[in-house]
Amino acid sequence: MSGLRKTNKPVKIRSCNDNKKYGVAAKSLTELLKKGCEKLQLPSPGARVCLYADGTIVTEEFFQTLPDNTQLVLLCRDQTWSGVVSDIGQLLSTDRHAGALIEAAKGLLSDERSPKRRKILTDLLLNLEDKCEVEKREEDEDWFRGLDPRFKTKSDYMQFNCGSRIRSYVKELDAATKTIQEAAVRAEFLKTTRCLKDMLRSAKHNGSYFDRTAKEAHRLCTETGWFTCQGSFEQEVCQSFHSINPYGSRESRIVFSTWNLDHRIEKKRTIIPTLLEALQGHDSGEVNLDYFYRLLFTRDNLKLVHIVCHKKEAHHLQCDVTKIFNAGPDKRKGKKRRAM
């Protein structure tokens, strides 16, 4: 084809397994394949070339239209390339380049002026430099900065943090007591509240939910400390795939404090009013305290959510009327209340 360029075309070529690029000049795709296989020491049978950017296969005619210094990938037989996504996949699957990535990201960040790109680089550094693998205070002093000296491990503090959050729900029970006018009902409510507090105390305030050293059934994170948002109250899963590891860095620990343990059936709008109503004309022994305990203080009704997924409007979910009261005197007698 007379219109096609027949002078040497300079390109940048690499293999799909190594991000090191080489400059090669060739008049044709055939020549490029020969030189590329020699330079990268790859077998030539079945070899082909594609664009680095999106994986488009380069034909002879297409090669002649490429701009100078186009980035290309040389593929062996049966190899594939999906563009930049392939490089990201390789970075996510290995830690061998972590040190080089940290230095490169720091270098780029020092010269970067775009707020958007600075945010991307900062987030990348935050994840690359995390120390989630260490647990003790002496191994990661910065993580413990600002925390009480009594916490010697990250898990100790995270357990305390979760317990404090859940323990704070008791305050709303105490506040509700002041709204009760009838003395007999108030007495039963106080008795009920004491029982619920005892149940929560015996479960160590369910602090294990944030403790990565706890048994899998008793925690909300992986054994390395990764938490995944469970989605807003009406969703089965988080549509945005929010995740965080507060064990990784001090900043992640602080950011995690903005995540919420959200009651699907709301405690102030629904659970406590339902409990108060149940005690109108009934004593505390007739009320299913185990059910209310689970609604108020356990993952049966609590969802861990990113602040974006925490919807504060009315949930319009009601208590199960079949579970509000115990089945009968025979079943109430000797009933064992579970704390977890």
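A salt bridge is counted here where a side-chain nitrogen of Lys or Arg lies within 4 Å of a carboxyl oxygen of Asp or Glu. The model is a predicted one, so local features need pLDDT of at least 70 and side-chain atom pairs count only at pLDDT 80 or more, while totals for chains, interfaces and linings use all residues. Residues are numbered from 1 along each chain as its sequence is written, and side-chain values use heavy atoms, with hydrogens and water left out.

Under that criterion, a search of the whole structure returns 13 salt bridges. Asp148 pairs with Arg150, and their closest N and O atoms are 3.3 Å apart. Asp148 counts as partly exposed at 35%, and Arg150 is partly exposed at 48%.

A salt bridge also joins Lys154 to Asp140, at 3.1 Å from N to O. Lys154 belongs to helix H6 (residues 154-167) and Asp140 to the loop between helix H5 (115-128) and H6, so the pair ties together parts that are 14 residues apart in sequence. Both Lys154 and Asp140 are buried. Helices (H or I, at least four residues) and strands (E, at least two) are DSSP runs, numbered from the N terminus.

Glu172 and Lys267 form a further salt bridge, with 3.3 Å between the closest N and O atoms. This pair links distant parts of the chain, with Glu172 in helix H7 (residues 170-177) and Lys267 in helix H10 (residues 267-278), 95 residues apart. Glu172 is partly exposed, at 26% relative accessible area, whereas Lys267 is buried at 16%. Elsewhere, a network of salt bridges links Asp290, Arg294 and Asp300.

Attention now turns to helix H1. Its twelve residues, 29-40, reach 16 Å from the first C-alpha to the last, close to the 16 Å expected at 1.5 Å a residue; the expected span is 1.5 Å times one less than the number of residues. Leu29, Leu32, Gly36, Cys37 and Leu40 of H1 are buried. These residues lie on the same side of H1, because they cover an arc of only 125° around the axis, taken from the directions from the helix axis to the C-beta atoms. The face turned away from this buried side carries the exposed residues Thr30, Lys34 and Glu38. Among the elements covering the buried residues of H1 are strand S1 (9-15), strand S2 (22-26) and helix H2 (60-65), contact meaning heavy atoms within 4.5 Å. Just after H1, Gln41 adopts a positive phi of about 55°.

Technical notes: Buried < 20%, exposed > 50% of the residue type's maximum accessible area, 1.4 Å probe, protein only.
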